[in-house]
Amino acid sequence: MLLTKYYRKGKSLFWTLLTKKRCGSYKGKIKVNQKSFIGSNVHLGNNVHFNGMMISKGGNVYIGDNFHSGPECVIIVQYHNYEGEAIPYDGQYIKKDVTIEDNVWLGQGVMIMGGVTIGEGSIIQAGSVVVSNIPKYSIAGGHPAKVFKQRDIEHYHDLKDKEKFW
């Protein structure tokens with residue numbers, strides 16, 4: 001049991017250091033608990049937690065403060081050009097940025113497509129595919145992700161003002 005504890009800590013330390021080294025920039029505390037792959041196109045805020053994240057190269061990805069993700073999340077910011085010189089696609093790539101504002105939580109297996117902004121305080125339900133912008137304080141899910149609920153904004157701002165971040 002003790003060996004398992006040290007193995008988990010060592011694995012988390014390895015992925016955290018690798019993420020810090022590979023990302024374009026980060027503001028502060030980063031914790032990466034599971035295998036994650038990102039590149040220099042990724043810019044991280046403070047208190048960012050990955051539990052398994054894959055972010056493609058290409059467009060830029062901006063992740064705000066107090067971000068948390070479940071395992072097996074993917075952000076795709078580069079697409080094959082299907083309207084080019086060949087079928088089904090040619091050698092050109094289309095790059096689109098992604099912005100994830102502060103205090104966002106992604107459930108397990110969320111996929112985010114390029115060109116999307118996820119607003120402050122939003123929660124994305126496990127297994128969702130985000131193909132369009134999600135407004136602030138929203139709870140969204142599905143394929144494609146649709147807003148189905150709003151956070152209690154007064155409660156959210158009360159916790160934010162008291163700096164109650166996980």
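In the predicted model, K27 is exposed, with a relative accessibility of 62%. The side chain of K27 forms a salt bridge with that of D65, at an N to O distance of 3.5 Å. K27 belongs to the loop between strand 1 (25-26) and strand 2 (30-32), and D65 to the loop between strand 6 (61-63) and strand 7 (68-69), so the pair ties together parts 38 residues apart in sequence.

The structure holds three salt bridges. In another, the closest N and O atoms of K160 and E120 are 2.6 Å apart. This pair also links distant parts of the chain, 40 residues apart, with K160 in helix 2 and E120 in the loop between strand 14 (117-118) and strand 15 (123-124). K160 is partly exposed at 29%, whereas E120 is buried at 10%. D158 and K162 form a further salt bridge, with closest N and O atoms 3.4 Å apart; D158 is partly exposed at 34% and K162 exposed at 51%.

N81 lies in the loop between strand 9 (78-80) and strand 10 (93-95) and is buried, with a relative accessible area of 16%. The side chain of N81 reaches the backbone nitrogen of E83 at 3.1 Å. Beyond neighbours within four places in sequence, N81 contacts Y89, D90, Q92 and I94.

Key. Residues numbered from 1 in each chain as written. Predicted model: local features only at pLDDT ≥ 70, side-chain atom pairs only at ≥ 80, totals over all residues. Heavy atoms only, no water. Helix = DSSP H or I, 4+ residues; strand = E, 2+ residues; numbered from the N terminus. Buried < 20%, exposed > 50% of the residue type's maximum accessible area, 1.4 Å probe, protein only. Polar contact = N/O pair within 3.5 Å; in protein donor to acceptor, adjacent residues only side chain to side chain. Contact = heavy atoms within 4.5 Å. Salt bridge = Lys/Arg side-chain N within 4 Å of Asp/Glu carboxyl O.
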